[in-house]
2 protein chains.
Amino acid sequence: MTRPPLQDPHRTLTLRDVSEASGVSEMTVSRVLRNRGDVSETTRERVLDAARRLGYVPNKIAGALASQRVNLVGVVIPSLSNMVFPEVMTGISETLEDTGLQPVVGVSNYQAEREEQVIYEMLSWRPSGLIVAGLEHSEAAQAMLAQAGIPIVEIMDIDGTPIDSAVGISHRRAGRKMAEAIVAAGYRRIAFLGTHMPTNDHRAQKRLEGFEEALAKAGLAVADREYYSGGSALAKGREMTETLLRRSPDVDFLYYSNDMIGAGGLLWCLEQGLDVPGKIGLAGFNGVELLEGLPRRLATMDACRLETGRTAAEIIAGKRASGVIGGEIVEFEPKLEPGDTIRKA
Amino acid sequence: MTRPPLQDPHRTLTLRDVSEASGVSEMTVSRVLRNRGDVSETTRERVLDAARRLGYVPNKIAGALASQRVNLVGVVIPSLSNMVFPEVMTGISETLEDTGLQPVVGVSNYQAEREEQVIYEMLSWRPSGLIVAGLEHSEAAQAMLAQAGIPIVEIMDIDGTPIDSAVGISHRRAGRKMAEAIVAAGYRRIAFLGTHMPTNDHRAQKRLEGFEEALAKAGLAVADREYYSGGSALAKGREMTETLLRRSPDVDFLYYSNDMIGAGGLLWCLEQGLDVPGKIGLAGFNGVELLEGLPRRLATMDACRLETGRTAAEIIAGKRASGVIGGEIVEFEPKLEPGDTIRKA
DNA sequence: CTGAAAGCGCTAACAG
DNA sequence: CTGTTAGCGCTTTCAG
């Protein structure tokens with residue numbers, strides 16, 4: 001007759017278990033495991049040994065509650081699948097690596113309501129800081145962020161009023177700058193191709209506003225426009241380009257709201273044997289790596305994603321050389337990369 | 001003369017604050033906020049009102065410690081920047097959405113040691129489950145996972161022995177299947193182009209093994225090979241293809257370890273005016289969306305990423321129709337998508 | 001250098 | 001339907 005085990009065989013180990021196994025007080029075990037305070041080499045060894053032998057994994061939940069300290073940094077972005085946010089994440093991870101801080105990602109799918117939930121969820125874990133894409137949030141979200149009592153960094157846009165700190169480029173300015181380059185190169189019948197605007201992509205929206213503003217200054221307006229949503233961006237870029245060019249064959253420039261649809265458009269134009277950039281010019285936005293492998297180099301504008309991620313993380317980690325403590329605004333200058341799809345002026 | 005505030009103006013709110021503001025006991029406030037147990041409509045309103053007014057955000061750390069329940073699911077993947085893991089994430093997020101569980105991502109950069117750290121870190125938050133890419137882990141990592149006492153799902157590979165559950169395709173089989181299709185189509189001098197193998201990408205390795213095995217069965221061997229690492233995959237695909245074809249001009253098939261370099265190779269071949277798939281065939285791996293926009297459709301093999309993510313999440317969430325509780329192994333069948341770059345047999 | 005006591009903010013388990 | 005009492009597993013603080 002076998003007896004049932006006296007203890008749940010799978011309760012997870014606690015400090016106490018390590019303490020008993022090593023014959024050292026819980027407190028000292030805790031000190032060893034966190035490298036805090038002085039502990040004699042002998043006890044240290046004994047403790048580490050016991051911990052390893054048992055396979056002890058500390059419970060950060062209890063630790064965080066007791067110490068009121070959480071080594072997590074929340075990152076809230078609209079999407080993971082479009083190549084631009086992963087690069088921001090890379091910058092963030094890099095800088096956080098040697099700070100003991102850990103990024104935790106939440107995705108909002110470009111929905112304000114979803115973003116609000118994600119922010120709420122993250123704040124409820126009391127992170128050391130929060131990085132949020134964009135400056136537009138629901139009222140409730142803004143209130144939560146402002147109340148949170150931790151560093152908040154809004155990234156990838158600085159056209160607006162940040163809650164605390166902000167890092168990124170001015171998309172209005174990026175749009176303006178691109179328009180000026182296009183006009184300077186002598187193009188006059190300029191079309192815009194982008195995502196369906198209801199998508200809540202405020203940055204694309206601002207880019208277009210800046211773009212139109214600069215065109216207006218040159219006495220021009222967007223000659224035609226075409227929107228898409230969903231599907232393979234490269235394929236969509238082709239389709240949109242064909243549709244638009246059939247409708248407005250006299251257009252001499254195509255401004256795409258992102259590089260992926262721009263690349264699709266470029267491939268299509270080249271296949272049609274169109275004279276790029278002679279008869280027709282093209283430009284995208286973002287400076288994605290992909291462009292390097294295309295038959296011709298699409299003009300684009302770098303959004304400084306890596307630097308943005310790095311800087312945001314530095315602000316949270318308190319590593320800014322500036323010594324500024326909060327409410328810092330860092331603007332990067334979007335660089336025009338003319339490539340081979342804009343005529344030389 | 002103004003008096004200083006009696007309390008830290010920025011300590012974060014607690015249940016007690018809501019309790020006092022609403023005149024309801026902490027316990028009942030807690031119940032309202034979690035929708036647990038019966039509470040009269042009147043008190044409920046009163047509590048919610050106070051909570052909203054104060055801007056109270058519950059402290060999940062304390063909640064988790066008290067309830068021994070954490071609504072987090074750890075996801076450990078090698079990289080975010082290559083298009084394939086984001087899609088797995090999409091599958092995971094989708095299914096987790098209505099379960100109250102939240103994914104937390106950790107990135108290992110294809111380094112076993114880094115992976116071990118990330119797993120340790122995640123386990124220390126006592127998540128409800130863990131999803132880890134691949135079956136190969138450091139010994140320490142394996143031990144931790146086995147000990148964790150939570151559902152562990154290893155994804156994207158089933159060639160090996162899982163710790164608990166596993167979901168994905170057999171890469172060996174995928175490689176074999178592709179080789180068989182290539183041989184059946186009449187190609188004989190077959191080259192392989194892939195990432196530098198030290199990169200620790202076990203799945204690519206297994207694909208190649210299966211590939212060579214099937215070739216051997218047909219009395220063939222890989223005729224030449226070329227490796228790359230880093231940089232724009234599309235651009236690298238071009239370069240590698242050029243290098244390899246200059247060295248071995250008589251090769252009649254190019255098997256790429258991923259679609260991105262395959263796409264680069266395809267673009268290069270088309271530019272050179274090579275007869276694809278007549279004189280030379282090409283194939284990649286992964287079935288990425290990008291391929292849809294290319295001038296010709298690259299042959300590839302779908303890795304069932306979305307389904308894999310979904311299924312892994314279902315297992316963690318306990319939503320499997322099968323009713324199986326743990327140690328479940330789900331194998332998907334990698335589908336060959338012949339596209340336009342393999343001769344019809 | 002080491003240990004004992006007192007919580008961190010919440011929820012489980014009871015009692016009304 | 002509502003309240004009370006004990007902790008959850010750690011770290012802070014203070015004594016040795």
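In this predicted model, Ala, Val, Leu, Ile, Met, Phe, Trp, Tyr, Cys and Pro count as nonpolar, Asp, Glu, Lys and Arg as charged, and the others, Gly among them, as polar.

**Figure 1. Lining of the second largest pocket, divided by residue class.** The lining holds 13 nonpolar, 8 polar and 4 charged residues. Of the 25 residues that line this pocket, His10(A), Thr12(A), Arg126(B), Ala148(B) and Ile150(B) lie nearest its centre. Helix 4 and helix 7 (139-147) of chain B are the elements that give two or more residues to the lining. The space in the second largest pocket amounts to about 570 Å³.

**Figure 2. Protein surface near DNA strand D.** DNA strand D is surrounded by 24 residues, and the closest are Leu15(A), Met27(A), Ser30(A), Tyr56(A) and Arg31(B). By class, this surface has 10 nonpolar, 10 polar and 4 charged residues. At least two residues each come from helix 2 (26-34) and helix 4 (60-67) of chain A, and likewise from helix 2 (26-34) and helix 4 (60-67) of chain B. Helix 4 of chain A supplies the largest share, 4 residues.

**Figure 3. Chain B atoms beside phosphate oxygens of DNA strand D.** For Thr43(B), an N or O atom in the side chain is 3.1 Å from a phosphate oxygen. Sugar or phosphate accounts for 65% of the atoms of DNA strand D within 4 Å of the protein, and bases for the rest.

**Figure 4. Ala66(B) and a base oxygen of DNA strand D.** A distance of 3.1 Å separates a backbone N or O atom of Ala66(B) from this base oxygen.

Key. Residues numbered from 1 in each chain as written. Chains lettered and ligands numbered in written order. Predicted model: local features only at pLDDT ≥ 70, side-chain atom pairs only at ≥ 80, totals over all residues. Heavy atoms only, no water. Near = heavy atom within 4 Å. Polar contact = N/O pair within 3.5 Å; in protein donor to acceptor, adjacent residues only side chain to side chain. 1 Å grid on protein atoms, 1.4 Å probe; cavity = no way out; pocket = protein on both sides within 12 Å on 5 of 7 lines; lining within 4 Å. Points joined across faces, edges and corners; volume = space filled by probe spheres on them.
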